[in-house]
Amino acid sequence: MQTHGAPARKNSGAAGAGLARGLGWFSVGLGLAEIAAPRVLARAIGIDHGGHTGLTIRALGARELANGLGILVQPRASLPLWARVAGDAIDLAFLAWAFGAKRTHTERLVGAIASVAGVAALDVIASRRAGQVRPGVPKPVIRAITIYRPAADVYAFWRDLEQLPMFMSHLESVEEIGGGRSRWTAKLPTGNTVHWEAEVVDDRPGERIEWCTVRGSKHPNRGRVTFRPILGGSATEVCVEMRLGEGASAAVASLFAGGQVQGDLRRLKQVIETGEVVRSDASVHRGPHAAQPSGPLGATKKGGRP
Amino acid sequence: MKALCWMGKRDVRVEDVPDPRLLNARDAIVRISSTTVCGSDLHLYNGFMPSMEKGDILGHEFMGEVVEVGRGVGNLRPGDRVVVPFPISCGSCGQCLRRNFACCENSNPNAWMPEQMMGHPLCGMFGYSHLTGGYAGGQAQYVRVPFADVGPLKVPVGLRDEQVLFLSDIFPTGYMAAEMCDITPDKVVAVWGCGPVGQFAIASARMLGAERVIAIDRIPYRLAMAKERAGATDLINYEEVPVLEALKELTGGRGPDACIDAVGLEAHSHGAQYLYDRGKQMAKVQLDRPIAVREAILACRSGGIVSIVGVYAGYVDKFPLGALMNRSITIRTGQCHVHRYLRPLLERIERGHIDPSFVVSHHMALDEAPRAYDMFNHKRDDAMKIVLRA
């Protein structure tokens, strides 16, 4: 059995969450202090405690408190921690602005700025750890489905790569060009098409197929599909694991890839078990009156989630 | 063709829309002869089901004549008279092979939507929101029937439409509710809700041998039908007597052996609980008013069965999980796996064990469908089951 959950967390996950929780509690404490005793705090950091200062500090305190609670609820999420970094920037801006004001206690203010800068550094560290972003390496997309046909049949269907567009709705075509290589054409939601060449790097009939884009591809991706027989061989668990290359566009694509792969697997199951991609009126007729009988075909090609 | 379209909350209209066409090889086109409004259509009508879109054709209880079949349909020919089950089932996925037809894994092109809401996909259904696939419904002159080689039942000559029409949903649904109760003659069954499904649950419980069936509702004409036509032995009008006390009185303090919820998410009640659930529903923080099922659990004898066929949509609170667990109560539920019951129940109709047409209260033309919804929704003119001629 494979272990589930992201293995990358093993290294820094626990420590990262510890630091995040510490910062969360710090936020809550500071926020409460800012709300409860803004003037005392203003004196401590050496700024003018008259006028609107009290109100401003209370507002900052409310933000701090909300931010802290956000972190404590999800200590592993990076967003609330990055919000703290943004908050630090706001605080620093206010403090820098206070330099120019009269009735400022410069030494205390410098101390305050140094403290905020120090905490900001910790915030950045915690945020980066929480995101686990070694930037540009998206997590693999893993999806599975059970098909009530023997593994050999499902494998054979998949191995005929030119059939893939029948159920992979983002693909326009796959052409086998010999030597285990194939040319793929996909259409983007924007209407543009992209091409890449891939080769089968591991092929075990009835068990698994692994493919990878050729070197130098502009849209690097690699994937593996495994076929595991169950119920005495009458059904097959099909599991797809895909990694989309590096960089921001791959990271964005990965966000949608899970739903896309799941939809593809559902259509694969439909084709193998029922003979075709199953269509409802709504799946061929978009816009208002979606569940009305369809108009002329051709507006959209296939059913299911785009 | 003419079809009843959902245009918004309590706004349905008969519109001219394009005729359906074959989209898959296993499709058939059926010219509707009779169709009807289901209690669950009222959940759509009243705007309680998410994912409805303006223009959606409603209707999942219908029958008619096959006019066209795809090349993958070997068992039907134009001219065949058929009644069509409301769940759309492929017949070959894991669930269909287990005969859980209403859990078909292939028939919902929008599977991802219910998967987000409910953890796993739902099957496709006719005219029942986009969560169940966005299939056009059968309150229309024509309908496209996917997997026509699996679902439709050919109707023998000699049976009138209204004797077999309800095989599409409410008769099997009521029957399944009773079947889930493991009925033996000595068992007492209580049925919440005396709408058409409740009537068939009562009649089926009697058919399966229950000697005592207690019907619970608040509307006198429904209670009267439960007794006179469906065969209920005892009646409880919950606006007149407290249900839990009345049930204890009728069962020597034990509670019914099996409780059927044929009400679902628009339950009525009185007092604070009703206002609480109604308020949450109106504020859109809760889709369901689970009043009947709560009461059914509390009423059920320890070790008994609560059978739920009333439709629910989302998450509920104040659910008596403690009673359920500590008193060893079993819950059985599901959308009806209609395909399982078509032939056995047709046989019962042919043998005269039951004539399902007893629930019909009105006949109207399809053009009058909006009025039918309004009447049924407000229980006007003793509306029970309104049959529309297309």
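Helices, of at least four residues, and strands, of at least two, are DSSP runs numbered from the N terminus. In this predicted model, chain B comprises 13 helices and 18 strands. Its radius of gyration is 20 Å, close to the 21 Å that the globule rule gives for 390 residues, so chain B is as compact as a globular protein of that length. The C-alpha trace of chain B extends over about 60 × 50 × 45 Å along its principal axes. Of its 390 residues, 56% count as buried. Among contacts in chain B with a separation of 6 or more, 72% are between residues 24 or more positions apart.

Gly138(B) lies in the loop between β8 (124-125) and β9 (142-145) of chain B. With 32 other C-beta atoms within 10 Å, Gly138(B) is buried, because the threshold for that class is 20 or more. Beyond its neighbours within four places in sequence, Gly138(B) has contacts that include Ile32(B), His60(B), Phe126(B) and Val143(B). Gly64(B) is 74 residues from Gly138(B) in sequence, yet their C-alpha atoms are 9.8 Å apart in space.

A helix pair comes next. The axes of α5 (residues 170-179) and α6 (residues 196-207) of chain B come within 7 Å and cross at roughly 50 degrees. That angle makes α5(B) oblique to α6(B), and the crossing is right-handed.

Technical notes:
Residues are numbered from 1 along each chain as its sequence is written. Chains are lettered from A and ligands numbered from 1 in the order in which they are written. This is a predicted model: local features need pLDDT of at least 70, side-chain atom pairs count only at pLDDT 80 or more; totals for chains, interfaces and linings use all residues. A residue is buried if 20 or more other C-beta atoms lie within 10 Å of its own, exposed if 12 or fewer, and partly exposed in between; C-beta atoms are placed from the backbone. Two residues are in contact if their C-beta atoms, placed from the backbone, lie within 7 Å. The radius of gyration is taken over C-alpha atoms; the globule rule is 2.2 Å times the number of residues to the power 0.38. Axes are lines fitted to C-alpha atoms, for helices over the stretch in contact, and angles run from 0 to 180 degrees between N-to-C directions. Angles under 35 degrees count as roughly parallel, over 145 as roughly antiparallel, 65 to 115 as roughly perpendicular and the rest as oblique. A crossing is left-handed if the near helix is turned anticlockwise from the far one by less than a right angle, and right-handed if clockwise.
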